[in-house]
Amino acid sequence: MEPVVQLSGVVAVLGGFPVLAGADLTVARGEILLLRGPNGAGKTSLLRLCAGLLPVERGTAIVLGHDIAADRTAARHRVGLLGHSNGLYADLSVADNVAFWGATVGATRDEVAASLDRMGLSGRLAKVPVARLSAGQRRRTALACLVARRAELWLLDEPHAGLDAAGRDDLDATLREAAAAGATVMVASHELERAGALAHRVVDIVGGQVRE
Amino acid sequence: MSTWRIARLIAAKDLRIELRSRVVTNQVLPFAALVMVMFAFALDNDNVLTRVAPGLVWLATMFSMLVLVQRSFAVESADGALDALQVAGVRPGGIFLGKSMALAAQLAVLEVVLLLAAIVLYQAEVAWSGAVLLVTTFLAATTGLAFVGTLYGGLAAGAKGRETLLPLLMLPVVAPVLIGATRATEAAFGTNGASSSEGWPWIGLLVLFAALFGTGGTLAFGSLIDE
């Protein structure tokens with residue numbers, strides 16, 4: 001399978017502290033990869049590096065065919081990141097948020113409606129301002145925005161956090177559909193049972209290094 | 001997507017947020033009006049107020065603009081939307097132009113209110129002969145202020161203590177706009193016997209300022225928000 005992420009000896013530094021210390025990792029197209037490890041091991045840093053938010057200090061990093069060590073912005077438009085924050089506008093409605101993020105890649109109204117439907121947000125809930133939603137509903141909205149953006153590489157940091165049982169099932173089904181359609185999914189999670197059942201492969205992040 | 005389409009998308013989003021939250025209508029406009037009233041209390045002399053009305057309008061505009069700029073970037077940083085825009089590969093030049101357009105629209109509303117306040121509270125008079133100069137002054141100054149506000153708002157967005165940092169960074173930079181816009185508005189008002197023709201050289205300064213910060217901001221905004 002064609003590799004979507006290829007990291008070799010990657011070192012990344014944040015605030016003078018090495019958060020990735022020679023990380024090696026290859027992720028194939030259509031793969032769902034679970035990153036597990038203790039807090040501070042480097043899971044979030046690895047996702048942010050692949051998203052082009054954290055610069056590569058040393059090593060080789062190819063994401064979606066782009067050398068992000070040379071230009072970390074090169075692959076961004078094809079990447080979707082769901083981190084600890086949701087990237088939503090609190091004063092706008094659920095539908096407005098999804099329509100906005102979809103519009104950044106030219107998504108049609110039908111595609112936006114399908115994204116809302118996929119995450120169980122159509123109907124009255126679509127018109128509610130994000131500020132009035134619960135944490136779980138906000139997470140669902142953020143996931144609907146990712147679906148609308150049609151990302152090729154999904155980088156998800158604790159995506160199940162705050163979701164109820166139905167939301168978790170919707171998320172897992174969405175990720176399986178996306179992977180089946182050719183998207184690559186990297187999930188950092190402490191929910192090993194659920195995320196482990198979803199993943200095709202599991203790697204451990206320890207001290208800024210990847211262990212298969 | 002082209003930079004221009006991104007700019008329109010961002011501007012529409014920012015204006016929709018204002019429409020829903022009504023922060024400008026309910027907080028910034030009353031604040032600006034209050035500043036004008038306080039100036040009147042402090043100076044307490046009709047002749048002096050009429051003479052300094054153009055400067056007070058622009059000072060009140062700049063103080064109020066600080067609130068607008070902080071609000072414009074607070075909505076981006078509250079839930080990590082600025083990071084999300086970067087990851088989404090949205091062109092930074094488009095973000096800069098879009099946020100500038102939305103800020104300019106809000107400033108324009110603010111300036112109309114302040115101009116009316118100056119006419120009512122300070123008995124400032126606008127001669128028909130100065131109307132074209134006045135409109136041109138407001139357009140050029142608003143454009144320049146929107147570019148500077150967006151540039152420095154983006155610069156301060158990720159910094160600690162951004163609320164206090166922004167005025168410190170921005171107010172010295174907008175001093176040329178304060179001077180140029182005040183002189184041109186005085187000429188349009190005919191303050192102290194000034195004629196309209198005396199205002200046009202100041203328009204040149206305002207246009208140059210807007211062009212410099214518009215070009216610089218479009219090119220540099222990506223590096224600024226990336227750091």
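Buried area is the accessible area, taken with a 1.4 Å probe, that two parts lose on being put together, summed over both. By that definition, about 2000 Å² is buried between chain A and chain B, with carbon and sulfur atoms giving 61% of it. The structure is a predicted model, in which local features need pLDDT of at least 70 and side-chain atom pairs count only at pLDDT 80 or more, whereas totals for chains, interfaces and linings use all residues. Residues are numbered from 1 along each chain as its sequence is written, chains are lettered from A and ligands numbered from 1 in the order in which they are written, and side-chain values use heavy atoms, with hydrogens and water left out.

**Interface between the chains**

- The contact, which means heavy atoms within 4.5 Å, takes 25 residues from chain A and 24 residues from chain B.
- On the chain A side, the residues that lose the most area to chain B are Tyr89(A), Asp91(A) and Phe100(A), and together they account for 28% of what that side buries.
- Phe100(A) also belongs to the buried residues of helix α2(A), where helices (H or I, at least four residues) and strands (E, at least two) are DSSP runs numbered from the N terminus.

- Helix α2(A) is mostly covered, with 8 of its 10 residues buried; here buried means under 20% relative accessible area, exposed over 50%, and partly exposed in between, for a 1.4 Å probe and protein chains only.
- The buried residues of α2(A) include Val94(A), Asp96(A), Asn97(A), Val98(A) and Trp101(A), and their cover includes α3 and α4 of chain A together with α1 and α4 (81–87) of chain B.
- In helix α3 of chain A, which spans residues 109–118, Val112(A), Ser115(A) and Leu116(A) are buried.
- These three residues lie on the same side of α3(A) because they cover an arc of only 100° around the axis, the arc being that of the directions from the helix axis to the C-beta atoms.
- Asp110(A) and Asp117(A), on the other side of α3(A), are exposed, while the cover of its buried residues includes α2 (94–103) and α4 (135–149) of chain A.
- Gly120(A) follows α3(A) and has a positive phi, near 65°.

**Cavities**

- A cavity is a set of points, on a 1 Å grid over the protein atoms alone, where a 1.4 Å probe fits but cannot get out, and its lining residues have an atom within 4 Å of a point.
- Grid points are joined across faces, edges and corners, and a volume is the space filled by probe spheres set on the points; the count comes to 2 cavities of 30 Å³ or more.
- The largest cavity has a volume of about 110 Å³, and its lining includes Asp14(B), Glu18(B), Arg71(B), Ser72(B), Lys99(B) and Leu103(B).
- Two or more residues of that lining come from each of α1 (3–21), α3 (46–77) and α5 (92–122) of chain B.
- The lining of the largest cavity divides into 5 nonpolar, 2 polar and 4 charged residues, where Ala, Val, Leu, Ile, Met, Phe, Trp, Tyr, Cys and Pro count as nonpolar, Asp, Glu, Lys and Arg as charged, and the others, Gly among them, as polar.
- The second largest cavity, with a volume of about 30 Å³, is lined by Val69(B), Ser72(B), Phe73(B), Lys99(B), Leu103(B), Gly149(B) and Thr150(B).
- The lining of this second largest cavity divides into 3 nonpolar, 3 polar and 1 charged, and its largest share, 3 residues, comes from α3(B).

**Individual residues**

- Thr150(B), placed in helix α6 of chain B, counts as buried at 1% relative accessibility.
- Not counting residues up to four places away in sequence, Thr150(B) touches Phe73(B), Phe96(B), Lys99(B), Ser100(B), Leu103(B) and Phe221(B).
- Val135(B) is likewise found in helix α6 of chain B, but is exposed, with a relative accessible area of 51%.
- Arg150(A) is not a glycine, although its phi is positive at about 50°; Arg150(A) is found in the loop between α4 and β7 (153–157) of chain A and counts as partly exposed at 42% relative accessibility.
- Asp44(B), in the loop between α2 (23–43) and α3 of chain B, has a positive phi near 45° and counts as exposed at 65% relative accessibility.

Methods. 1 Å grid on protein atoms, 1.4 Å probe; cavity = no way out; pocket = protein on both sides within 12 Å on 5 of 7 lines; lining within 4 Å.
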